[in-house]
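Here's a quick briefing to read with the model open beside you.

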Amino acid sequence: MTFLIATKNKGKKKELERILLPLSISVISEADLEKPLDEVEENGATFEENALIKARAACQSTGLPTVADDSGLCVDYLDGAPGIYTARYAGEPSNSEKNNAKLLAVMKDVPEEKRTARFVCAVACVFPDGREFTVRGECEGKIGTELKGNGGFGYDPLFISELGCFGEISDEEKDSISHRGAALKELSKKLKEEYLC
């Protein structure tokens, strides 16, 4: 079975491929399509709503079962920000360097015990016959005081998990505890039990 992963983010596509492979699901992304997907406005109020908006639009456009995610960083000291605005935290055009620099600046004088945060990932799966569901994963950690490592993407060089900084740990270690890893394990379980039998 072939699923479309509705993302332009190569890092996310790689993670999804690694986790869906054992289900004999082959993965294609927008880069494999003849024409690009239409841009959709992610105007949901939650990660789940935004993931569904993306998955529904891509499924309708291609006729393929589609998986899309919306994920972000929620910092307790910032009342859950940047949250659903994670990618655009430092404004448009968005990029990781600017976002990380802004977060470091905002958190500059915050003591370690108040630097708690979590990565959240909502994954939506939409089928051409109208069936759809969402799953969610979270990973607890804290915000570091400096960038570390060259691994991962986004805020990974600032996020300190129980296994260390996401920018420094291996893909396998990250998959074992990450928000996306947790959500995709739930996705895999739900697909196996309810949708691929």
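## Salt bridges and what they join

There are 12 salt bridges here, counting a side-chain nitrogen of Lys or Arg within 4 Å of a carboxyl oxygen of Asp or Glu. Keep in mind that this is a predicted model, where local features need pLDDT of at least 70, side-chain atom pairs count only at pLDDT 80 or more, and totals for chains, interfaces and linings use all residues. Residues are numbered from 1 along each chain as its sequence is written, and side-chain values use heavy atoms, with hydrogens and water left out.

**Asp69 and Arg180**

- One of the salt bridges brings together the side chains of Asp69 and Arg180, at 3.3 Å from N to O.
- Asp69 sits in strand β3 (residues 66–75) and Arg180 in helix α5 (residues 179–195), so this pair ties together parts that are 111 residues apart in sequence.
- Helices (H or I, at least four residues) and strands (E, at least two) are DSSP runs, numbered from the N terminus.
- Asp69 and Arg180 are both buried; buried means under 20% relative accessible area, exposed means over 50%, and partly exposed is in between, using a 1.4 Å probe and protein chains only.

- Asp76 is in the loop between β3 and α3 (96–106), while Arg118 is in strand β4 (residues 116–126), so the pair ties together parts 42 residues apart in sequence.
- The Asp76 end is partly exposed, at 35% relative accessible area, whereas Arg118 is buried at 17%.
- Arg118 makes side-chain polar contacts with Asp76 (2.9 Å) and with Glu140 (2.9 Å).
- For a polar contact, a pair of N or O atoms must be within 3.5 Å; within protein, one must be able to donate a hydrogen and the other to accept it, and residues adjacent in sequence count only if both atoms are side-chain atoms.
- Glu140 is in strand β5 and is partly exposed, with a relative accessible area of 46%.
- Leaving out residues up to four places away in sequence, Glu140 touches Ala117, Arg118, Phe159 and Ser161, where contact means heavy atoms within 4.5 Å.

**Other charged groups**

- Arg136 and Glu138 form a salt bridge too, with 3.1 Å between the closest N and O atoms.
- Arg136 is partly exposed at 38% relative accessibility, and Glu138 is partly exposed at 39%.
- Elsewhere, salt bridges that share partners link Glu42, Lys54 and Asp70 into one network.

**Strand β3**

- How many residues of β3 are buried? The count is 10 of the 10, so β3 is largely enclosed by the rest of the structure.
- Side chains in a regular strand alternate between the two faces of the sheet.
- In β3, Thr66, Ala68, Asp70, Gly72 and Cys74 point one way, and Val67, Asp69, Ser71, Leu73 and Val75 point the other way.
- β3 runs parallel to strand β1 (residues 2–5), joined by two bridges; strands pair if DSSP finds at least two bridges between them.
- Within that pairing, Leu4 has Thr66 as its bridge partner in β3.
- β3 also pairs with β4, this time antiparallel, over 10 bridges, and Thr66 has Val126 as its bridge partner in β4.

**Nonpolar cores**

- The largest nonpolar core has 19 residues, and those with the most contacts inside it are Leu20, Val67, Val123, Cys125, Leu187 and Leu191.
- A core here is a set of buried Ala, Val, Leu, Ile, Met, Phe, Trp, Tyr and Cys residues joined through side-chain atoms within 4.5 Å.
- β1, α1 (10–20), β4, β5 (132–143) and α5 each supply at least two residues of this core, and α5 gives the largest share, four residues.
- Beyond its neighbours within four places in sequence, Val67 has contacts including Phe3, Leu16, Val123 and Leu187.
- A second, separate core has 17 residues, among them Val75, Met107, Val110 and Ile143.

**Helix α1**

- Lys12, Lys13, Glu15, Leu16, Ile19 and Leu20 are buried in α1.
- Seen down the α1 axis, the buried residues fall within an arc of 165 degrees, so they line one face of the helix; the arc is that of the directions from the helix axis to the C-beta atoms.
- Lys10 and Lys14, on the other side of α1, are exposed.
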